[in-house]
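Dear colleague,

Please find the structure below, handed over for your study.

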Protein chains: 2
Amino acid sequence: MKSRIDAVLSTALAPADDAPPGLSSAMRYAVFPGGARIRPSLCLAVAEACGNDAPALAEAAACSLELLHCASLAHDDLPCFDDADVRRGKPSLHRAFGQPLAVLTGDALIVLAFELIARAGTATPQRALALTMVLAQAVGTPKGIVAGQAWESEASVPLDLYHRAKTGALFTAATMAGAIAAGRDPGAWRPMGEKLGEGYQVADDLLDAFASSEEAGKPTMRDVALARPNAVAALGVSGAISRLRALIAAAADSVPECPGSTPLRALVLQMGERLIPARLKQTAA
Amino acid sequence: MKSRIDAVLSTALAPADDAPPGLSSAMRYAVFPGGARIRPSLCLAVAEACGNDAPALAEAAACSLELLHCASLAHDDLPCFDDADVRRGKPSLHRAFGQPLAVLTGDALIVLAFELIARAGTATPQRALALTMVLAQAVGTPKGIVAGQAWESEASVPLDLYHRAKTGALFTAATMAGAIAAGRDPGAWRPMGEKLGEGYQVADDLLDAFASSEEAGKPTMRDVALARPNAVAALGVSGAISRLRALIAAAADSVPECPGSTPLRALVLQMGERLIPARLKQTAA
């Protein structure tokens, strides 16, 4: 599934002859090589479970989710936010291309995400508009990634809103987008995305606390350094792993009845297991 | 027309209860009080000339253009680009709210622009998708504002591409979007937008060279300071004004036949006259 997603992303990011070459390179650098492509994989898995009768639209939706995710990483790594030197095991975008192109790359990836949906949606325009709404709400304000990041500029942060916006929103959008692309009611797919988003947050906390920088592909121990809340600090290692497994099980249970619900439930459990850092599995066994 | 545009913008930017308050304030600060709202006015004027049978969609398209314009100003003013302290006669966004919120405000305005179109487009989804495409192409790469700004990071800049992307793209999108919102063929409206965009660039060059900072609402003499190409340097004052008037006349001439073509031509000439800084009109008379 990852190779299919990468192929569509690569086509979308093919540099145009008359584009500024630095921006074209920076956009590809921000997206390739990717991480686990977990959000687009989730979107495609849901679309397939729902019958996937408009596969090009489902692929566009999946890729849009990944472009929006990569855009948020490009901007979050900037010196005025996390000032991160490393991302996915290589220099962060602004370290490699400078701040101007890092800002512009984030902008261009956001725009491209919406363009992909519009381009793929002409045969099913109502689905395309519904996808646009779900993606916009997952990225914008009040409840999307950008709003989540903006909570960091407030003196007092409601943690629940913060995590739901910054991490959860794009997972919820992923399951809902998969359903919309296949012509299903997206509301029924929201709980699955919410549980997976919460689970991913716990997994990220485990990674931050226990993985080496090489394994994580980015600096770790940032939560302790920045005094951010972390599920490991709150629950302990085995408590956090139990919580993660419970959330993944709840996500699998919440898969609505549909043609492919059985294999999708199995896939969710498998994806969840992969979220636990290898060296911690023995601790929790 | 400006007050109608401002009313729709104000509704779109009404702060949600659960939004991070700083981001909500910064988004309004970036959009209000506005400049001349020339791009959205142009879009609405074209829609009205074309019969304006879907006025809510035309208003959404007009406001999206303004949000995308304001987003580009917010990002262009950042220290890593123009490092501007003043915009529209008040402290620039990052001076007033800090760099993190200035970056996030630009992002959130881009997202909101696409959300507005999708929300207003359910009754005419094909038009909404066409609007999304036109707006995305006017903002993204290879030929939109972001690409225009990215040319500044290149060692060698093709001036024609640079100006068409950085200034012209949103004018072309404005006339085309007005036509699309009213169900007309957008291609016929492209030349009008192109001529107006070129004219606006000349007007901006005149403003940079001859207006005081107070009149311009932003620092002037930047082209000389940054050794940027400028129509005044190339053509002289009266040459630049003649060029501006010729472009506006060409824009008026290029208005396609439609129910309201006669008043629209008059409006274009009137808008064009307003682009000439008052103190220079005598010079050119």
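To compare the two copies, they are superposed by least squares on the C-alpha atoms of residues with pLDDT of at least 70 in both. Chain B can be laid on chain A with an RMSD of 0.0 Å by a turn of 180° and a shift of 0.0 Å along the axis. That is the relation of a two-fold axis. In chain B, the C-alpha nearest this axis belongs to B:P125, at 2.8 Å.

This is a predicted model, in which local features need pLDDT of at least 70 and side-chain atom pairs count only at pLDDT 80 or more, while totals for chains, interfaces and linings use all residues. Residues are numbered from 1 along each chain as its sequence is written, and chains are lettered from A and ligands numbered from 1 in the order in which they are written.

**Chain A.** Of its 285 residues, 56% count as buried; a residue is buried if 20 or more other C-beta atoms, placed from the backbone, lie within 10 Å of its own. The C-alpha trace of chain A spans about 50 × 50 × 35 Å along its principal axes.

**The interface.** Two residues are in contact if their C-beta atoms, placed from the backbone, lie within 7 Å. By this rule, 49 residues of chain B are in contact with 49 residues of chain A. On the chain B side, the elements giving two or more residues are α2 (21-31), α6 (99-120), α7 (125-139) and α8 (145-151). The largest share, 15 residues, comes from α6(B). The same surface serves both copies, as 100% of the contact residues of chain B recur in chain A.

**The core.** A nonpolar core is a set of buried Ala, Val, Leu, Ile, Met, Phe, Trp, Tyr and Cys residues joined through C-beta atoms within 7 Å. The largest has 212 residues, and among those with the most contacts inside it are A:C43, A:A61 and A:A177. Leaving aside neighbours within four places in sequence, A:A177 is in contact with A:C43, A:A61, A:L65, A:L131, A:V134 and A:L135.

**One helix.** How many of the 21 residues of α10(B) are buried? The number is 17, so this helix is largely enclosed by the rest of the structure. Helix α10 covers residues 190-210 of chain B.

With kind regards

Conventions:
Helix = DSSP H or I, 4+ residues; strand = E, 2+ residues; numbered from the N terminus. Expected span 1.5 Å × (residues − 1). Buried ≥ 20, exposed ≤ 12 C-beta atoms within 10 Å, placed from the backbone.
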